[in-house]
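Subject: Structure handover

Hello,

Here is the structure I promised to pass on. Please open it next to this note, which goes through what turned up.

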Amino acid sequence: MTHSRRSVLRRGAGLAAAGTATSLAGCSDAATGDSGDSGEFDAGYAAFFTLSDWANRVAGDHASFEDPVDVGQLGHGWTPDGNLAADVASTDAFVYLDNPEFSWAQDLAETLESDYDTVAVIDGLAGLEEDLLDWNHSHESDGGETGHDDGENQSHEDEEHDGGRHDPHVWVDPVFAADIVDTIASGLGEADPDNADAYADNAAAYAEELEAVDAAFESIADEAARDVAVMAGHNSFQYLEARYGFRLHSPVGVSPQNEPTQSEIADTIELVNAEGIDAVLYDRFESPTLAESIVENSDATEALPVTPAGGTTREWNDDGYGYLEQMTEVNVPAFERAFGAQ
């Protein structure tokens with residue numbers, strides 16, 4: 001596997017770059033190459049909520065996967081605690097996305113590959129490299145540059161991540177989601193050949209459920225009363241735009257660090273009124289304040305949450321929501337309303 005961000009870690013080193021001072025060699029199971037007491041393939045970690053959900057669906061009764069990210073948080077831009085490295089090294093598999101937005105997972109994956117060959121390291125983006133969309137963190141709205149950027153911090157960030165940035169939110173596209181699920185099944189099958197057929201069957205069954213999500217978004221695109229909706233927050237849905245021809249206007253752009261100017265907010269309000277937009281979307285993991293302000297100052301009537309499916313909430317956990325439920329119970333109806341497809 002080729003990493004887009006190379007760690008300087010070497011054999012015996014701790015995961016300092018991943019936010020931990022604990023050396024993997026300090027874990028007796030990992031240091032001896034033992035992935036658990038049973039000696040069987042039965043446990044692993046995945047880098048964030050959706051990957052964990054998918055890995056568990058693929059694994060079925062044969063293994064269980066844990067999401068290390070706390071409820072209410074997202075896996076990209078996250079920093080693990082000092083125990084995660086040893087915990088992962090003592091299991092059988094690690095599922096992640098080889099993207100600089102998950103730099104902690106990249107560092108962890110590289111060390112596992114170098115030092116702990118009993119842990120299967122599965123990159124969900126394998127085979128999708130040519131399909132990734134560029135993610136320009138400069139402040140932009142509807143593809144137009146506004147001249148705002150992060151200055152020295154942005155330059156440092158670009159240097160830190162080898163200069164190339166791709167939008168990591170590929171999983172919001174249900175077609176690419178099926179590809180990632182298949183990659184997980186293949187990786188688990190290679191690590192646990194006795195159950196490879198079961199993993200493949202589980203992935204195929206899940207892909208059929210993803211086809212229903214794909215069909216729902218296709219229907220929205222076909223029945224939409226307008227070709228544009230407003231996303232009052234950073235845009236994590238570029239892959240849906242590319243797949244279905246949606247257009248999401250955001251006064252923020254793609255970066256959570258950007259702040260909209262008053263003129264950009266005014267332009268957004270003008271667009272809402274001109275297009276007859278009733279519902280303004282916002283990211284469930286961000287503040288609804290901007291969306292509510294646009295609604296209050298426009299002809300729109302409501303602000304609706306959508307989810308980039310990069311994490312979960314306590315409410316969704318209590319309701320048993322996985323990726324499919326986040327898409328079908330939250331995103332599909334919100335997109336229907338925002339695009340006037342009801």
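**Overall picture**

The chain has twelve helices and ten strands. Please keep in mind that this is a predicted model. Of the 342 residues in the chain, 53% are buried.

Two packed helices are described by the angle between their axes and the distance between the axes. I give both values for each pair below.

Start with helix H2, residues 49–59, and helix H6, residues 174–191. Their axes are 10 Å apart, and the packing angle is about 55 degrees. The crossing of H2 past H6 is right-handed.

Which residues make this contact? From H2 come Leu-51, Trp-54, Ala-55, Val-58 and Ala-59. From H6 come Ala-177, Ile-180, Val-181, Ile-184, Ala-185 and Leu-188. In the contact of H2 with H6, eleven residues are nonpolar, none is polar and none is charged.

Next, H6 and helix H7, residues 196–223. Here the axes are 9 Å apart and the angle is about 175 degrees. That value is over 145, so H6 runs roughly antiparallel to H7.

On the H6 side, the contact uses Pro-174, Val-175, Ala-177, Ala-178, Val-181, Ala-185, Leu-188 and Gly-189. On the H7 side, it uses Ala-196, Tyr-199, Ala-200, Ala-203, Tyr-206, Ala-207, Leu-210, Val-213, Asp-214 and Phe-217. The contact of H6 with H7 divides into 16 nonpolar residues, one polar and one charged. Ala-177 of H6 is one of the residues that meet H2, and Ala-177 is also among those that meet H7.

Ala-309 is found between E10 and H11. Most residues other than glycine have a negative phi, and most peptide bonds are trans. Phi of Ala-309, however, is positive, near 60 degrees. Is Ala-309 buried or exposed? Its relative accessibility is 0%, so Ala-309 counts as buried.

Thr-313 is found in the loop between strand E10 (302–306) and helix H11 (314–318). Its relative accessible area is 6%, which is under 20%, so Thr-313 is buried. The side chain of Thr-313 reaches the backbone nitrogen of Trp-316 at 3.1 Å. Beyond four places in sequence, Thr-313 touches Val-71, Arg-284 and Phe-285.

**The loops on either side of E7**

Arg-226 sits in the loop between H7 and strand E7 (229–230). With a relative accessible area of 13%, Arg-226 is buried. What does its side chain meet at 2.9 Å? A polar atom of the Arg-226 side chain lies 2.9 Å from the backbone oxygen of Gly-276. Arg-226 and Gly-276 are 50 residues apart along the chain, and their C-alpha atoms are separated by 8.7 Å. Leaving out residues up to four places away in sequence, Arg-226 touches Glu-275, Gly-276, Ile-277, Arg-337, Ala-338, Phe-339 and Gly-340.

Ser-236 lies in the loop between E7 and helix H8 (238–244). Ser-236 is buried, at 0% relative accessibility. Its side chain joins that of His-234 in a polar contact of 3.2 Å. Not counting residues up to four places away in sequence, Ser-236 touches His-169, Val-172, Asp-283 and Pro-308.

His-166 is in the loop between helix H5 (151–160) and H6. Where does His-166 stand on accessibility? With a relative accessible area of 31%, His-166 is partly exposed. His-166 and Asp-134 are 32 residues apart in sequence, yet 4.4 Å apart in space, C-alpha to C-alpha. Apart from neighbours within four places in sequence, His-166 is in contact with Asn-99, Leu-132, Leu-133, Asp-134 and Trp-135.

Over to you.

Conventions. Residues are numbered from 1 along each chain as its sequence is written. This is a predicted model: local features need pLDDT of at least 70, side-chain atom pairs count only at pLDDT 80 or more; totals for chains, interfaces and linings use all residues. Side-chain values use heavy atoms; hydrogens and water are left out. Axes are lines fitted to C-alpha atoms, for helices over the stretch in contact, and angles run from 0 to 180 degrees between N-to-C directions. Helices (H or I, at least four residues) and strands (E, at least two) are DSSP runs, numbered from the N terminus. A crossing is left-handed if the near helix is turned anticlockwise from the far one by less than a right angle, and right-handed if clockwise. Contact means heavy atoms within 4.5 Å. Ala, Val, Leu, Ile, Met, Phe, Trp, Tyr, Cys and Pro count as nonpolar, Asp, Glu, Lys and Arg as charged, and the others, Gly among them, as polar. Angles under 35 degrees count as roughly parallel, over 145 as roughly antiparallel, 65 to 115 as roughly perpendicular and the rest as oblique. Buried means under 20% relative accessible area, exposed over 50%, partly exposed in between (1.4 Å probe, protein chains only). A polar contact is a pair of N or O atoms within 3.5 Å; within protein, one must be able to donate a hydrogen and the other to accept it, and residues adjacent in sequence count only if both atoms are side-chain atoms.
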